[in-house]
Amino acid sequence: MMKKQKNDRFASFLDWLENGGNALDEEMQDALREEEPEAPGKQKREKKKKSSDKTADIAKKPRKAYADSWWYRLLAFAVAAALIWLLMEAVDRMPRFGAADTLMDSELTEFYVEHTKEETGAMNIVTGIILNYRGFDTLGETHVLFIAVCTVLLMLSIYGEQDEKKRLAQGALERYFEPHHDVILQSAARLLTPLILIFGLYIIANGHLSPGGGFSGGAVLGAGLILYQNAFEYRKIEKFFTYKTFKWVSVCSLLFYSLAKGYHFFTGANHLDSHISIGTPGNILSGGLLLPLNFVVGCVVACTMYALFTMFRKGEF
Amino acid sequence: MLGRVFTHLDGLTAVALFGIGFALLLLDKNLMKKIIGFSMMDSGIYLFLASYGYIEGRLAPIYAEGISDPAAYVNPLPAGLVLTGIVVGVSVTAVMLGLTVRLYERYHSLDIDEIAEKIRREGK
């Protein structure tokens, strides 16, 4: 199945080459070079008429844009300088770095530091805040990541009929010419990838006890996957991580997060009667929902990082 | 103001980063550099927020053995806020890059004025 698909892609690439390679681009450039008749009537056009008359053929001399003019650059520089000056004045009036009376040293902070351990079972206060007190906010964040991947996927994969052929051809080209035997990179990746993945899992699993958590651990996992993909061929990583894997892992993770957080909120967000024991703070299996939620967030972040890289590299999943 | 540069070094660095990014956004015509400028503005804001959570001589916000006094730990709140910001920043950068890829494929240029000119000539 995989091989057939690859052959299809390569065939379409050859097709594209036979049809003149960059014919499409030249066509478009010809279309751009043709002078368009001035649309009459509109007042906005009147202003532009002068400048378009001046440069009849764009091939020789492109129209001078306002961003090139000295007054625009001067104005932009002045605006930026004024903004920097204003902000610097503001910073100058803030408390100095590391002072005990920083603006954010408020009642809320004191509450968090005093109650996080008893109420959430987290040793790491930041994890307690972002996954328990502000759990819905983090749910939104994970969805933002997922929606960003979906948007990029749409933007990079929806084409017209002719462009579609070109895109497939470029995908085949990328696969055909990717480095197959980069010894240094492959040896390093063989050594490092397992270590990086294990370290990522460690960061995620200890998110409620030590520095780290789902976001940082997920980023490390994603980096490991990206290294693996760079060192070996696409074929190799596609044995265990394809678009389907991404889809299922991301969607199931988000679904689990939503259901868990929904349950937590419906049974009283303040642990009044949520039936989820927080265990002994400091143990690895403690903190109620924190550990599973950290894992879920880590999965989404790792998938997102890898998916974004893959899509920008080969234009498809 | 100059005399206090060294006590407000972090805030001033954050402002400088923000300002450089803003100037890049205004002055450069290359779309990639605009995106870089945008990311620099992001970084400036993160640095600003994170640095104001730090309080000298206090512990990181992870419970140490037997200490539960709020005055012993730095402020954990800005760390949580910056985390949100970083995630949203990554997402926005990805979407901007995706749009840039499409624009480049359509108009074969990263110069925003050139793209605008071509769009104008297409008559849209």
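Reply: From the N terminus on, chain A reads α-α-α-α-α-α-α-α-α-α-α-α-α, that is, 13 helices and zero strands (DSSP runs numbered from the N terminus, helices being H or I of at least four residues and strands E of at least two). This is a predicted model, where local features need pLDDT of at least 70, side-chain atom pairs count only at pLDDT 80 or more, and totals for chains, interfaces and linings use all residues. Residues are numbered from 1 along each chain as its sequence is written, while chains are lettered from A and ligands numbered from 1 in the order in which they are written.

Now to the core itself. A nonpolar core is a set of buried Ala, Val, Leu, Ile, Met, Phe, Trp, Tyr and Cys residues joined through C-beta atoms within 7 Å; buried means 20 or more other C-beta atoms within 10 Å of a residue's own, with C-beta atoms placed from the backbone. The largest one has 54 residues, and A:Val301, A:Ala302 and A:Tyr306 have the most contacts inside it. Two or more residues come from each of several elements, including α5 (107-120), α10 (214-231) and α13 (290-314) of chain A and α3 (77-107) of chain B. The top contributor is α13(A), with 15 residues. Beyond its neighbours within four places in sequence, A:Ala302 is in contact (C-beta atoms, placed from the backbone, within 7 Å) with A:Gly218, A:Leu221, A:Gly222 and A:Leu225.

As for the chains, 55 residues of chain A are in contact with 53 of chain B. On chain A's side, α4(A) supplies the largest share, eleven residues.

Technical notes
Buried ≥ 20, exposed ≤ 12 C-beta atoms within 10 Å, placed from the backbone. Contact = placed C-beta atoms within 7 Å.
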